[in-house]
Amino acid sequence: MIQTIRGFRDILPEDTALWQAIEKTASKLFEDFGFKEIRIPVIEKTELFARSIGEATDIVEKEMYTFDDRKGDKLTLRPEATASVVRAYIQHSMGASDAVQKLYTIGPMFRRERPQKGRYRQFYQINSEVFGIESPYIDAQLILILNELFKRLGLSELEAHINSLGCKECRPTFQKELLNFLNGKKEHLCENCLRRMDKNPLRTLDCKVPECRAAMADAPSTLNHLCEKCKDHFETVKSVLNEQHVDFIVDKTLVRGLDYYSRTTFEILTTALGAQSAVAGGGRYDALIKELGGPETYGIGFAIGFDRLAEIVAQMLNDAKMRAHNASDAKEFQDKNLYAAEFLKLVSIKTPDIFIIPLGEKATRLAYMWTSALNIAGIRTETDYSGRSLKSLMKRADKLNADFVLIAGDKEIEDNALVLRNMRTKEQYFITAENPVEQLETFLNRV
Ligand code: ATP
Ligand code: MG
C-alpha cells in the first residue's frame, strides 16, 4: 500500500472544519485591517530563497527541497512566503499604484526538517506582509493583529516576545562586540555556532544547545547598541503596545532564523505543544526589497504556523468539552471565550439538516430530485441510494446526526403524505408529495 512520505500528512475531513474556521477568522481580520489576499506559486527559482533567506541559515543550508527541472534550472519548493511576496511586489511594480501595500497569503511551505509534533516537512502558514511604511505604528499593528486573532480563536496562554536587531548603521558595531565576546567563549560553543561565527554571528544568540545557552547568558545585546533612530523606533513600538494593552516580553535572544530581518522582530510562543515553541514569527526587513532588485522600500511581515495553531485550538476545544461537564469550570471557560463565540459558531460541525429515506425505486429517483433541489436552495440534505430497509436507513440518519428525516416510501408517495420526523423532539409532520421542496423550505425557515 502506498503511503504519504515522511513529514507529509493528510488533513482529514474531521479536522478541516477547524482549519476552515481558522482561515475564515484570519482572512476576515486581515480584510478588516485593509489587507488584500495574494496567491503565489509554491515553486520558485532557488536563487530567490538563497539570496533573501541567506546562505548561512538552516533553511538554505539543509532544509530546502531543491531540484533541477528538465532544462537544468535550479528550482525550490518554497520554504517560506516572504521572498515570493517580495518578488511579486517587484515583478508587478505593485508600489506604483500606492506605495503602501498590505498583503496576506495562506498556503503550504516545505522544509526538510526532522518531523515531530508540530513540525512537518509540508506545513502551512498564514502570512502577512506590509510594504512602504517606515513608521513603528505598523510594527505594533502587526503584533496587535496577531494578538487579536489569537483572542478571537479563544487562545490566551500565549506570549509575545519582541526584540530589535538594529539597522545597517548600528548592527556592524554590535557584531564586532559580539564577535569579541564569542572569541572568548570558543571552547564552550557547539560546532554550529563556531561555523556560524564568521558568516552569521547573530545566530549564535538563539542556539538551543544548553552549553551554548549558558555560555551566551551574558552575551552583549543588540538593545544596548541601537542607534538613536532604532532606539526611538523600538520605544514607540513598545509604548503603543502598552497603550493598546497588548502584553509582550522584551527578549534579547530573539534573532530569528532568516538573514533579512532588521529592527523589530517578534515571535509568539506557546507551551501548549510540549516544549516551548513558536506559533508565529516575524519582523522588519527594510533592506530586502532592494536586495532582490526592487526599489528602496520598507517591509515588515509575519508568518503564523497554521498546523501548530490548529493543534492548540483543537486542544483548547477539547479542553472545553471536558470542562462542559463541570459547571463552574464551564462558566469560567465561557467567560474567557465569549470573545471567541463567533469562531466557535464557525467551527461547530456541519451535519445534514435533512435526511431523505426513500423506500422503493420510484421513491429513490424522487428523493434524488428533491435532495438536489434542496441542496441548490442551500439546505443541507442527504439521501441514500442503496435500497436498504427503513430500519437501517434510520440508523444511518442517526449516525449522520440529521435534524430531520423525511420518510418517502412508494406508498407514502401514493398516499400523498410523506412523514417528516424531528429527530430531536421525535415530533412528526405530514408533507404532501407534490412540492416537498417548497414545503420543506418554508417549514425549516419557521423552525
Ligand atoms: P522553529 O524555530 O519552530 O523552527 P522557525 O523560526 O523556523 O520556527 P519561521 O520561519 O519563523 O519558523 O516560520 C513561522 C512559523 O511557522 C513558526 O513560528 C512555526 O509556527 C511555523 N513553522 C516553521 N517550521 C515549521 C514546520 N516544519 N512545521 C510546522 N510549522 C512550522
Ligand atoms: Mg525552523
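This report describes the ligand surroundings, salt bridges, a surface patch and selected backbone features of a predicted model.

Local features are given only where pLDDT is at least 70 and side-chain atom pairs only at pLDDT 80 or more, whereas totals for chains, interfaces and linings use all residues of this predicted model. Residues are numbered from 1 along each chain as its sequence is written, chains are lettered from A and ligands numbered from 1 in the order in which they are written, and side-chain values use heavy atoms, with hydrogens and water left out.

A residue counts as near a molecule or strand if one of its heavy atoms lies within 4 Å of it. Around ligand 1 there are 14 residues, of which Arg111, Glu113, Arg119, Arg256 and Ala278 come nearest. By type, the shell holds 6 nonpolar, 3 polar and 5 charged residues. In this division, Ala, Val, Leu, Ile, Met, Phe, Trp, Tyr, Cys and Pro count as nonpolar, Asp, Glu, Lys and Arg as charged, and the others, Gly among them, as polar.

Helices (H or I, at least four residues) and strands (E, at least two) are DSSP runs, numbered from the N terminus. Strand 6 (122–131), strand 10 (277–284) and strand 11 (299–305) each give at least two residues to the shell around ligand 1. Strand 10 supplies the largest share, 3 residues.

| Residue | Atom of the residue | Distance to an oxygen atom of ligand 1 |
|---|---|---|
| Valine 279 | polar backbone atom | 3.4 Å |
| Alanine 280 | backbone N or O atom | 3.5 Å |
| Arginine 308 | polar side-chain atom | 3.0 Å |

On its own, ligand 1 has 580 Å² of accessible area, and the protein covers 87% of this. Accessible areas come from the Shrake-Rupley method with a 1.4 Å probe; for residues, only the protein chains shown count as cover.

Glutamine 125 is located in strand 6. Its side chain makes a polar contact of 3.1 Å with the side chain of asparagine 127. Glutamine 125 is classed as buried because its relative accessibility is 8%; buried means under 20% relative accessible area, exposed over 50%, and partly exposed in between (1.4 Å probe, protein chains only).

**Salt bridges**

Side chains of opposite charge can pair when their charged atoms come close. The whole structure contains 26 salt bridges, each defined as a side-chain nitrogen of Lys or Arg within 4 Å of a carboxyl oxygen of Asp or Glu.

One of them joins arginine 195 to glutamate 61, with the closest N and O atoms 2.9 Å apart. This pair links distant parts of the chain, since arginine 195 lies in helix 7 (residues 191–199) and glutamate 61 in helix 3 (residues 58–63), 134 residues apart. Arginine 195 is partly exposed at a relative accessible area of 40%, and glutamate 61 is partly exposed at 31%. Both residues belong to a salt-bridge network that links Asp58, Glu61, Lys62, Arg195 and Arg196.

Glutamate 342 and lysine 345 form a salt bridge of 3.1 Å, N to O. These two residues are separated by about one helical turn because they are 3 residues apart in helix 13 (residues 341–347). Glutamate 342 and lysine 345 are both exposed. A further salt bridge, 3.8 Å from N to O, connects glutamate 296 with lysine 290. Glutamate 296 counts as exposed, with 62% relative accessibility.

**Surface patch**

Val42, Ile43 and Phe67 make up a nonpolar surface patch with about 210 Å² of accessible area together. Patches are made of residues with over 30% relative accessible area and no salt bridge: like charges are joined within 9 Å, nonpolar side chains (Val, Leu, Ile, Met, Phe, Trp, Tyr) within 5 Å. Valine 42 sits in the loop between strand 1 (36–37) and strand 2 (43–45), and its 32% relative accessibility makes it partly exposed.

**Backbone features**

Most residues other than glycine have a negative phi, and most peptide bonds are trans. Arginine 263, although not a glycine, has a positive phi of about 50°. Arginine 263 lies in strand 9 (residues 262–270) and is buried, with a relative accessible area of 9%. Asparagine 401 also has a positive phi, near 65°. Asparagine 401 is in the loop between helix 15 and strand 14 (404–409) and is partly exposed at 38% relative accessibility.

Terms used
Polar contact = N/O pair within 3.5 Å; in protein donor to acceptor, adjacent residues only side chain to side chain.
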